[in-house]
Amino acid sequence: MDIRELSIAGSFEITPKQFPDDRGVFLEYYRFDKLAEAVGHPLDLKQANTSVSKRGTVRGIHFADVPPSQAKYVTCTRGAVIDFVIDIRVGSPTFGQWDQVRLDDVDRRAIYIPEGLGHCFVALEDDSTVSYLCSATYAPGREHGVNPLCKTIGLDLQLPEDELLLSPKDTEAPGLLKAKEQGLLPKYEDCVAFYNELNEKAGA
């Protein structure tokens, strides 16, 4: 597989090698050792999720308190989505910036999103099926959101706004600057310290 770091440091696009034959196709969509080599530590898998979404569905921007937050390894097994990683770490040199990866059932790419970053995707097709490998279990009291339509962030959701489907939770979430004022966002220095701790444990 090919692993490429995105413009938001610590996040990666993973492109698997596919082996087609007359029966279909085979691929490795996740390798803990290859990912650990790129990230600095392995993904400590604690939970796996799947969502199925109609075209236009937007899920996110979601994040969790650091530590432990929740690193995610995300792929799309059916359909297509645009998956976004958003830097919401206060004090980060790329605060408020984002990058994106198209996840679909053709190239079968994945995206790795480390702890402390925001995650969002928009479904481009009906029944788009997204699977997430997560480093921590869901903890409602530690989960937060930023409005995916926040103009300060300016995600390119690639569909007309009147075609987007958002949950009440996401539409009622604050914008980036309001979330910062409310003290909801993780601090960059805390995230870096946590990454270093995970790297040190991996090298012990």
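## Strand β2 and its two neighbours

Strands β2 and β10 (residues 110–113) are joined by 3 bridges and run antiparallel. In this predicted model, you can find one point of that pairing at glutamate 13, whose bridge partner in β10 is isoleucine 111.

Strand β2 also pairs with strand β1 (residues 2–5), again in the antiparallel sense, over 4 bridges. Here glutamate 5 stands opposite phenylalanine 12 of β2. The two strands form a hairpin with 6 residues between them, and in this hairpin glycine 10 takes a positive phi near 95°.

Which way do the residues of β2 (residues 12–15) point? Phe12 and Ile14 point one way, while Glu13 and Thr15 point the other way. Whichever way they point, all of these residues are buried.

To see the two strands facing each other, look at valine 74, which stands opposite tyrosine 132 in β12.

## A cluster of tyrosine rings

How many aromatic pairs does the model have? The count comes to 3 aromatic pairs. One of them is formed by tyrosine 29 and tyrosine 73, a tilted pair with 6.3 Å centre to centre and 45° between the planes. Tyrosine 29 lies in the loop between β4 (24–27) and α1 (32–39), and tyrosine 73 lies in strand β7 (residues 72–78), so this pair ties together parts that are 44 residues apart in sequence.

Are these two tyrosines buried or exposed? Tyrosine 29 is partly exposed, with a relative accessible area of 36%. Tyrosine 73, at 1% relative accessibility, counts as buried, because the cut-off for buried is under 20%.

Tyrosine 73 also pairs with tyrosine 30, this time edge-to-face, with 4.9 Å centre to centre and 75° between the planes. This pair, too, links distant parts of the chain: tyrosine 30 is in the loop between β4 and α1, 43 residues from tyrosine 73 in strand β7. Tyrosine 30 is partly exposed, with a relative accessible area of 23%. Through such ring pairs, Tyr29, Tyr30 and Tyr73 are linked into a cluster.

## A visit to alanine 202

Finally, let's look at a residue in a helix. Alanine 202 is found in helix α4 (residues 188–203). With a relative accessible area of 41%, alanine 202 is partly exposed.

Which residues does alanine 202 touch, leaving out those up to four places away in sequence? They are Gly40, His41 and Pro42.

How values were computed:
Residues are numbered from 1 along each chain as its sequence is written. This is a predicted model: local features need pLDDT of at least 70, side-chain atom pairs count only at pLDDT 80 or more; totals for chains, interfaces and linings use all residues. Side-chain values use heavy atoms; hydrogens and water are left out. Buried means under 20% relative accessible area, exposed over 50%, partly exposed in between (1.4 Å probe, protein chains only). Contact means heavy atoms within 4.5 Å. Two strands pair if DSSP finds at least two bridges between them. Rings of Phe, Tyr and Trp (its six-membered ring) pair if their centres lie within 6.5 Å; planes under 30 degrees apart count as stacked, over 60 as edge-to-face and the rest as tilted.
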